[in-house]
Amino acid sequence: SFMRDNFPGVTAAKPEGTYMMLLHCEDYCREHGRTIDDVIRAGWDVGVAWQAGAPFHDPWGIRMNFAVPFDKVCIAMDRLKQYVFV
């Protein structure tokens with residue numbers, strides 16, 4: 001729900017039995033005139049390690065790994081909200 005409420009134009013399927021999530025960013029990119037590479041780079045620039053979704057069959061996707069302590073997830077979400085999905 002945090003992503004839905006704070007990252008307009010980004011959708012994510014709720015993971016089932018895994019710690020990986022694929023964020024679909026096509027609407028966000030089109031609305032903001034950005035490429036998926038721009039978004040991926042912006043995340044890396046603020047310390048959020050994630051992967052392009054193309055190898056996972058989503059050219060507009062970003063793959064996130066949530067197998068980290070919860071406080072690290074909170075830090076990453078705050079950085080994405082403040083610096084990436086603005």
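1. **Ground rules.** Because this is a predicted model, local features need pLDDT of at least 70 and side-chain atom pairs count only at pLDDT 80 or more, while totals for chains, interfaces and linings use all residues. Residues are numbered from 1 along each chain as its sequence is written, and side-chain values use heavy atoms, with hydrogens and water left out.

2. **The sheet.** Strands here are DSSP runs of E with at least two residues, helices are runs of H or I with at least four, and both are numbered from the N terminus. Two strands pair if DSSP finds at least two bridges between them.

3. **Strand by strand.** E1 and E2 run antiparallel and are joined by 2 bridges; Thr11 stands opposite His24 in E2. E2 and E4 are also antiparallel, with 5 bridges between them. In that pairing, Met21 has Met64 of E4 as its bridge partner, and His24 stands opposite Gly61 in E4. At the other end of the order, 2 bridges join E3 to strand E4 (residues 61-65), again antiparallel. There, Gln51 faces Arg63 of E4 and Ala52 stands opposite Ile62 of E4.

4. **The nonpolar core.** Which residues touch the most other members of the largest nonpolar core? They are Leu23, Cys25, Val39, Trp50, Leu80 and Phe85, out of 22 residues. A nonpolar core is a set of buried Ala, Val, Leu, Ile, Met, Phe, Trp, Tyr and Cys residues joined through side-chain atoms within 4.5 Å. Strand E2 (20-24), helix H2 (26-32), helix H3 (36-45), E4 and H4 each supply at least two residues of this core, and H4 gives the most, with 5 residues. As background, nonpolar side chains tend to be buried together in soluble globular proteins.

5. **Leu23 up close.** Leaving aside neighbours within four places in sequence, Leu23 is in contact (heavy atoms within 4.5 Å) with Met3, Val10, Thr11, Ala12, Trp50, Asp58, Trp60, Gly61, Ile62 and Met64.

6. **Aromatic rings.** The model has 4 aromatic pairs. Rings of Phe, Tyr and Trp (its six-membered ring) pair if their centres lie within 6.5 Å; planes under 30 degrees apart count as stacked, over 60 as edge-to-face and the rest as tilted. One of the pairs, Phe2 with Phe7, is edge-to-face, at 5.8 Å centre to centre and 90° between the planes. Phe7 and Phe85 have ring centres 4.7 Å apart and planes at 35°, so this pair is tilted. Because Phe7 lies in the loop between helix H1 (2-6) and strand E1 (11-12) and Phe85 in the segment after helix H4 (70-84), the pair ties together parts that are 78 residues apart in sequence. Ring pairs link Phe2, Phe7, Tyr28, Trp50 and Phe85 into a cluster.

7. Buried means under 20% relative accessible area, exposed over 50%, and partly exposed in between (1.4 Å probe, protein chains only). Phe7 is buried at 0% and Phe85 is buried at 5%, whereas Phe2 is partly exposed at 30%.

8. **The largest pocket.** About 290 Å³ of space lies in the largest pocket. Of the 16 residues in its lining, Ser1, Phe2, Met3, Met21 and Met77 lie nearest the centre. H1, E1 and H4 each supply at least two lining residues, and H4 gives the most, with 5 residues. On a 1 Å grid over the protein atoms alone, a pocket is an open set of points where a 1.4 Å probe fits, with protein on both sides within 12 Å along at least five of seven lines; lining residues have an atom within 4 Å of a point. Grid points are joined across faces, edges and corners, and the volume is the space filled by probe spheres set on the points.

9. **Two loop residues.** Gly47 is found in the loop between H3 and E3 and is exposed, at 52% relative accessibility. Gly47 and His24 are 23 residues apart in sequence and 20 Å apart in space, C-alpha to C-alpha. His57, in the loop between E3 and E4, is exposed at 77%. From His57 to Gly17 there are 40 residues in sequence and 19 Å in space, C-alpha to C-alpha.
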